[in-house]
Amino acid sequence: MYGSGYAEIYDLIHSWWRGKDYDTEAAEVTEMIRARMPEASSLLDVACGTGIHLARFAESFDHIEGLDLSEAMLSVARRRMPAAELRQGDMRSLDLPRRFDAITCMFTAIAHQTEVELDETLRRFARHLNPGGVVVVDPWWFPETFIEGYVSAEVMTPDHRSIARVSHATREGDWSRMEVHYLVVDEKTGIRHFTEPYRHRLITRGQYEQALRDAGFTTEYLEGFHSGRGLFLGVLTTVSPEQETT
Ligand SMILES: C[S@@+](CC[C@H](N)C(=O)[O-])C[C@H]1O[C@@H](n2cnc3c(N)ncnc32)[C@H](O)[C@@H]1O
């Protein structure tokens, strides 16, 4: 998942071709955070990918950091924001030396894990937030909204390259499996083919809400946020004993 071939064309696919409006998303998420914590000045974007949201957050927060599992995605983010603190790491074992006023986890990254791992991840998010801090979680489809057998096919010609993308989604028990094939062709390197297989856990709305509550957050679910999958927001109200001692 999220290898170098994909990282190089990620922004073109989502932002340029598929019209994902990162600017508006980042502006709205910033507004949501400030409505719940007006003084919020630091933000950690977990699973920051190529750093598109993060670059926008940097315009509104004094201190921003990013973390992602994929070195390939991070290398694009580093090119975008050479001075930013960007770390390779796994959200399931998040352990950083400071806390933040807000933590975001955008574009379904939260769902590449089981419910047990989700519980642990959200507890770790809580331990990295200041009291009253805000968490924003952009989920994957719920079991009842995921469309089994969903197919998409696109051809795009952004620059000197042509890119073909086809995808097919299936359901394997409580997981969705999406296989995406890419063909990238340009004059110099010819044709490259690679596959990106994704597994997302089909977590229910209730499970997300329970996991947030168990980690010490209030929970709100905003239906229909850009992707149609909605957005979870939590404010840290309960300070765990671990947090008191750190
Ligand atoms: C769909 S991309 C979203 C990237 C970015 N947030 C955005 O909105 O464009 C999912 C990202 O989650 C990262 N990721 C997946 N599992 C992770 C984990 N356990 N810890 C940290 N990052 C993870 C991937 O490497 C990838 O960059």
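The centres of domain 1 and domain 2, taken over C-alpha atoms, are separated by 25 Å, the domain bounds coming from an automatic or database domain assignment. This is a predicted model, in which local features need pLDDT of at least 70 and side-chain atom pairs count only at pLDDT 80 or more, whereas totals for chains, interfaces and linings use all residues. Residues are numbered from 1 along each chain as its sequence is written.

In that assignment, domain 1 covers 4–142 + 204–245 and domain 2 covers 151–201. The contact between them takes 13 residues from domain 1 and 13 residues from domain 2, two residues being in contact if their C-beta atoms, placed from the backbone, lie within 7 Å. On the side of domain 1 that touches domain 2 there are 8 nonpolar, 5 polar and no charged residues; here Ala, Val, Leu, Ile, Met, Phe, Trp, Tyr, Cys and Pro count as nonpolar, Asp, Glu, Lys and Arg as charged, and the others, Gly among them, as polar.

Helices (H or I, at least four residues) and strands (E, at least two) are DSSP runs, numbered from the N terminus, and two strands pair if DSSP finds at least two bridges between them.

| Strands | Sense | Bridges | Example pair |
|---|---|---|---|
| Strand 1 (residues 42–46) and strand 2 (residues 63–68) | parallel | 5 bridges | S42 and H63 |
| Strand 7 and strand 8 (residues 175–186) | antiparallel | 11 bridges | V166 and H181 |

A hairpin of 5 residues joins strand 6 to strand 7, while the hairpin of strand 7 and strand 8 has 2 residues between them, with G173 in the turn at a positive phi of about 65 degrees.

Around the ligand stand 18 residues, of which A47, G49, S70, F107 and A109 come nearest; a residue is near a molecule if its C-beta atom, placed from the backbone, lies within 6 Å of it. By class, this shell has 10 nonpolar, 5 polar and 3 charged residues.
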